[in-house]
Amino acid sequence: LPFEDGAFGAVVCGFGIMFVPDRQAMLKEARRVLVEGGLLVFNVWDRLELNTHAAANAAVLEEMFPGDAEMRFRGPYDMHEPEFLRRLLDGARFRDRRIESRRIPIEGDPRAIATGQIRGTPRSALIEKRGVSLEHVIEKVAAALALTGGTPYKGFAQAVVVEAQAV
């Protein structure tokens, strides 16, 4: 990070750490820029199965692009284990951790949700690069959402929220 050691009293990261190639290095950098006793707060997605809208999306994409690692949808959902998170935090000199799950209801038009899931992510460029219409994928995801959560869609998103103190 382009900041001096101990420059901040808090570091917050919303659903970003899952996409960092070296998560331990990211947490060490967060610790470096925090004052002693500073607060680190971040969140990650819980298991895919507990995020029904994402699970439906993943099933469609993985069926449409079998074996395509770039289209595999599970990476953002692999940091949910508290023990894994504690090891990462310990390795970066954090303590007094609070790790808890939060569930948020998701309701709405399946097509609107599917549109956000496809057009609102970098996967849209990957889909187009493979010569597949975004509208076709959106329709398939919307159908999967309706099947999973009805019309209007009713489901949940579940995240893990982490608070830690720099030592």
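Mentor: Gln117 is buried, because its relative accessible area is 11% (buried means under 20%, exposed over 50%, partly exposed in between, with a 1.4 Å probe and protein chains only). The model is predicted, so local features need pLDDT of at least 70 and side-chain atom pairs pLDDT 80 or more, while totals for chains, interfaces and linings use all residues. Residues are numbered from 1 along each chain as its sequence is written, and side-chain values use heavy atoms, with hydrogens and water left out.

Now place the residue. Gln117 belongs to helix H4, residues 110-119. Helices (H or I, at least four residues) and strands (E, at least two) are DSSP runs, numbered from the N terminus. Leaving aside residues up to four places away in sequence, Gln117 touches His53, Ala54, Asn57, Val141 and Leu145. A contact here means heavy atoms within 4.5 Å.

Step back to the chain. It holds 6 helices and 4 strands. Read from the N terminus, the order is β-α-β-α-α-β-α-α-α-β. The chain has 167 residues, and 41% of them are buried. Gln117 is one of the buried residues. Take contacts between residues at least 6 apart in sequence: 82% of these join residues at least 24 apart. The C-alpha trace spans about 50 × 30 × 25 Å along its principal axes.

Next, the rings. The whole structure has 4 aromatic pairs. Rings of Phe, Tyr and Trp (its six-membered ring) pair if their centres lie within 6.5 Å; planes under 30 degrees apart are stacked, over 60 edge-to-face, the rest tilted. Phe15 and Trp45 make a stacked pair, 4.1 Å centre to centre with 20° between the planes. Phe15 sits in the loop between strand E1 (8-14) and helix H1 (23-33), and Trp45 in strand E2 (residues 34-45), so the pair ties together parts 30 residues apart in sequence. Phe15 counts as partly exposed because its relative accessibility is 27%. Ring pairs also link Phe15, Trp45, Phe73 and Tyr77 into a cluster.

Finish with charge. The charged end of Arg103 sits over the ring of Phe156, 4.3 Å from its centre. That label needs NZ of Lys or CZ of Arg within 6 Å of the ring centre and within 35 degrees of the ring normal.
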